[in-house]
Amino acid sequence: LEANKIPKHDGLEKLILQYNQIARVPSSIANFRNLKKLAFNYNKVTTVHENLAKLQKLQQLSFYRNDLTEIPKPVYELGNLMSLDLFHNQISRVDSTLSKWRHMELLYLSYNRIVETPENWDKLASLTCLHIAHNRLG
């Protein structure tokens, strides 16, 4: 996902990058500011550049089956997210800054290593579906 491999395209609304051995989300992700859907499913993502936060039109984001050990900080800045899929990663905690997800409806956190959840889940007023099975909750 380097800028020279996928040319900038202002009209692009969906970018699906499944099964590509991607290990990091680079700064060039900012070239796609009109994205509404972005998927990195079945890759090896461990790091996400802060420029992901510039995708303020993003509504659906998926890192299904990657190697994230935490929810990347830029993801918390995406206030228009409606759906976030983090199934099958190595995430151990959810930060209380999740309250910025004021439009979140579907949150998929199953099959991680989460040991506790934040107290402010109630701030996600639009949340209708939370998948958090198969973690390490007590």
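Which residues do ring pairs link into a cluster? In this predicted model, the cluster is made up of Tyr19, Tyr42, Tyr64, Phe87, Tyr108 and Tyr111, joined to one another through ring pairs.

Six strands come together in an open sheet, where they follow the order E1-E3-E5-E6-E7-E8 and pair in the parallel sense. At the edges of this sheet are strand E1, covering residues 14-16, and strand E8, covering residues 129-131, each of which pairs on one side only. From one strand to the next, the twist averages 5°. Within the sheet, strand E5 (residues 60-62) and strand E6 (residues 83-85) are parallel partners that pair over three bridges, and here serine 62 stands opposite aspartate 85 in E6.

The structure holds seven aromatic pairs. One of them joins tyrosine 42 and tyrosine 64, whose ring centres are 5.3 Å apart and whose planes meet at 55°, so the pair is tilted. Tyrosine 42 belongs to the loop between strand E3 (37-39) and strand E4 (47-48), while tyrosine 64 belongs to the loop between E5 and helix H1 (73-76), so their pairing ties together parts that are 22 residues apart in sequence. The two residues are also described by their accessibility: tyrosine 42, at 32% relative accessibility, counts as partly exposed, whereas tyrosine 64, at 17%, counts as buried because the limit for buried is under 20%.

Another pair is formed by tyrosine 76 and tryptophan 101, and because their planes lie at 10°, with ring centres 5.2 Å apart, this pair is stacked. Tyrosine 76 lies in helix H1 and tryptophan 101 in the loop between E6 and strand E7 (106-108), so this pair ties together parts that are 25 residues apart in sequence. Tyrosine 76 counts as buried at 5% relative accessibility, and tryptophan 101 is buried as well, with a relative accessible area of 0%.

The volume of the largest pocket is about 150 Å³.

Note on methods:
Residues are numbered from 1 along each chain as its sequence is written. This is a predicted model: local features need pLDDT of at least 70, side-chain atom pairs count only at pLDDT 80 or more; totals for chains, interfaces and linings use all residues. Side-chain values use heavy atoms; hydrogens and water are left out. On a 1 Å grid over the protein atoms alone, a cavity is a set of points where a 1.4 Å probe fits but cannot get out, and a pocket is an open set with protein on both sides within 12 Å along at least five of seven lines; lining residues have an atom within 4 Å of a point. Grid points are joined across faces, edges and corners, and a volume is the space filled by probe spheres set on the points. Two strands pair if DSSP finds at least two bridges between them. Helices (H or I, at least four residues) and strands (E, at least two) are DSSP runs, numbered from the N terminus. Axes are lines fitted to C-alpha atoms, for helices over the stretch in contact, and angles run from 0 to 180 degrees between N-to-C directions. Rings of Phe, Tyr and Trp (its six-membered ring) pair if their centres lie within 6.5 Å; planes under 30 degrees apart count as stacked, over 60 as edge-to-face and the rest as tilted. Buried means under 20% relative accessible area, exposed over 50%, partly exposed in between (1.4 Å probe, protein chains only).
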